[in-house]
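Here are a few notes to read alongside the model.

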Amino acid sequence: MRVIYLDNNATTAVSDEVREAMLPYITELYGNPSSMHTFGGQVHRKIEVAREHIACLINAEPEEIIFTSCGTESDNTAIMSALESEPRKKHIVTSRVEHPAVLSFCKALYRKGYKISFIPVDKKGRLNLEELESAITDETAIVSIMFGNNETGVIFPMDTIADIVKSKNVLLHSDAVQAAGKIPIDVKKLPADMLSISGHKMHASKGVGALYVKRGTRFSPYIIGGHQEKGRRAGTENVASIIGFGRAAELAKEHVLSDDTTVDELRDRLEKGLMDTCPGARINSDREYRLPNTLNISFEYVEGEAILLRLNEHNICASSGSACTSGSLEPSHVLRAMGVPFTAIHGSVRFSLSRYTTKGDIDSVLDKMPGIIKELRELSPYVQNA
Ligand code: PLP
């Protein structure tokens, strides 16, 4: 039975083109890109081509791209680099709805004595820009604000955020792991100093990421050792994954620039269909500023996990929060920050589409969900006690 995969914010399928690009580098072309011989040199050249494609995706220069092992490493590196470059400054500004790659890292830094300001969001998940502005002080080493939210898809107004942060002369990092490849990003227009991206969210393999560091930004490496990545990130490169990541970025750029609106049309079809057929449903997001592939929807008085299990019986994959928080029964920190009522937080489901999602996939979900919700609601102790 075909899997209906609607969990693309957790990870994506490696596309055929990416797999093809990677294959020679896990088989016959195994040379070390740092070697002097031609066998290694040809690998080195392919890594540089991949770097050009990643740069092109966000309109950066190739030398502004550092390959890392994942989005998490890129996020940690950006923040640590800012702290190490200006050791006098001990304050970080971030938001309450960041991915744990930023949020948990900041909490760990707090325990080491750094000061952290967590900027709140409103009920649509929009950042409080006045609080952002007033939180920045002379002590602030870096502001790290995500581009697009992994759970709700809310897109933050990065241009305005950049204006605020730059007017205070502070470094700006953005976790663009979910946004890159889904919406256009142009670092020539957006004055962010650093930006994180990850391969496995855009149909490349897992275990590869990149950090954009604007030319002229003071940078301190996080992983220290050999001279790879011009001394900015040591460790023998994950060659095949980097080459696949380059190909994935090339394809993502074509997709972002094309007029193909299938992904948001299908997402909207799913959203409308569920709202029309499932009573007590509510959208957890800003409907205007949202990643085109993401739908976070709550079904009041029903457990999200129970919905996922029922969907799973029909081979439909979705999620009840970020991949990292699902698995624990902790309610989503993002939905809590948005003030979503308790009865709705627990009934939240995230559907995240990709350019490979079909109308048939969406219609299967629309076919199954009303029955699932009705059945679970009848079993719900909350409804019986309400
Ligand atoms: N940032 C965001 C917004 C994410 O959604 C994720 C992964 O879900 C990450 C960072 C971490 O990326 P990676 O899995 O490549 O470490």
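**Ligand site and helix packing**

1. Let's start with Q178: an N or O atom in its side chain sits 2.8 Å from an oxygen atom of the ligand. Keep in mind that this is a predicted model.

2. D175 also has a polar side-chain atom to look at, 2.6 Å from a nitrogen atom of the ligand. For H99, the distance from a side-chain N or O atom to an oxygen atom of the ligand is 3.3 Å.

3. Zooming out, the ligand is surrounded by 14 residues. T72, D175, Q178, S198 and K201 are the closest of them.

4. T72 turns up again in the helix packing, as one of the α3 residues that touch α4. Helix α3 covers residues 71-85 and helix α4 residues 100-111; their axes are 9 Å apart, at an angle of about 40 degrees. That angle makes α3 oblique to α4, and the crossing is right-handed.

5. Who makes that contact? On α3 it is T72, D75, N76, I79, M80 and L83, and on α4 it is A101, V102, F105, C106 and L109. Sorted by class, that gives eight nonpolar, two polar and one charged residues.

6. The other pair is α8 (residues 262-277) with α12 (residues 359-379), packed at about 15 degrees with axes 10 Å apart. The two are therefore roughly parallel, and their crossing is right-handed.

7. From α8, the contact uses L266, R269, L270, G273, L274 and T277; α12 brings K359, I362, D363, V365, L366, M369 and P370. The class count here is eight nonpolar, two polar and three charged residues.

Note on methods
Residues are numbered from 1 along each chain as its sequence is written. This is a predicted model: local features need pLDDT of at least 70, side-chain atom pairs count only at pLDDT 80 or more; totals for chains, interfaces and linings use all residues. Side-chain values use heavy atoms; hydrogens and water are left out. Axes are lines fitted to C-alpha atoms, for helices over the stretch in contact, and angles run from 0 to 180 degrees between N-to-C directions. Helices (H or I, at least four residues) and strands (E, at least two) are DSSP runs, numbered from the N terminus. Angles under 35 degrees count as roughly parallel, over 145 as roughly antiparallel, 65 to 115 as roughly perpendicular and the rest as oblique. A crossing is left-handed if the near helix is turned anticlockwise from the far one by less than a right angle, and right-handed if clockwise. Contact means heavy atoms within 4.5 Å. Ala, Val, Leu, Ile, Met, Phe, Trp, Tyr, Cys and Pro count as nonpolar, Asp, Glu, Lys and Arg as charged, and the others, Gly among them, as polar. A residue is near a molecule or strand if one of its heavy atoms lies within 4 Å of it. A polar contact is a pair of N or O atoms within 3.5 Å; within protein, one must be able to donate a hydrogen and the other to accept it, and residues adjacent in sequence count only if both atoms are side-chain atoms.
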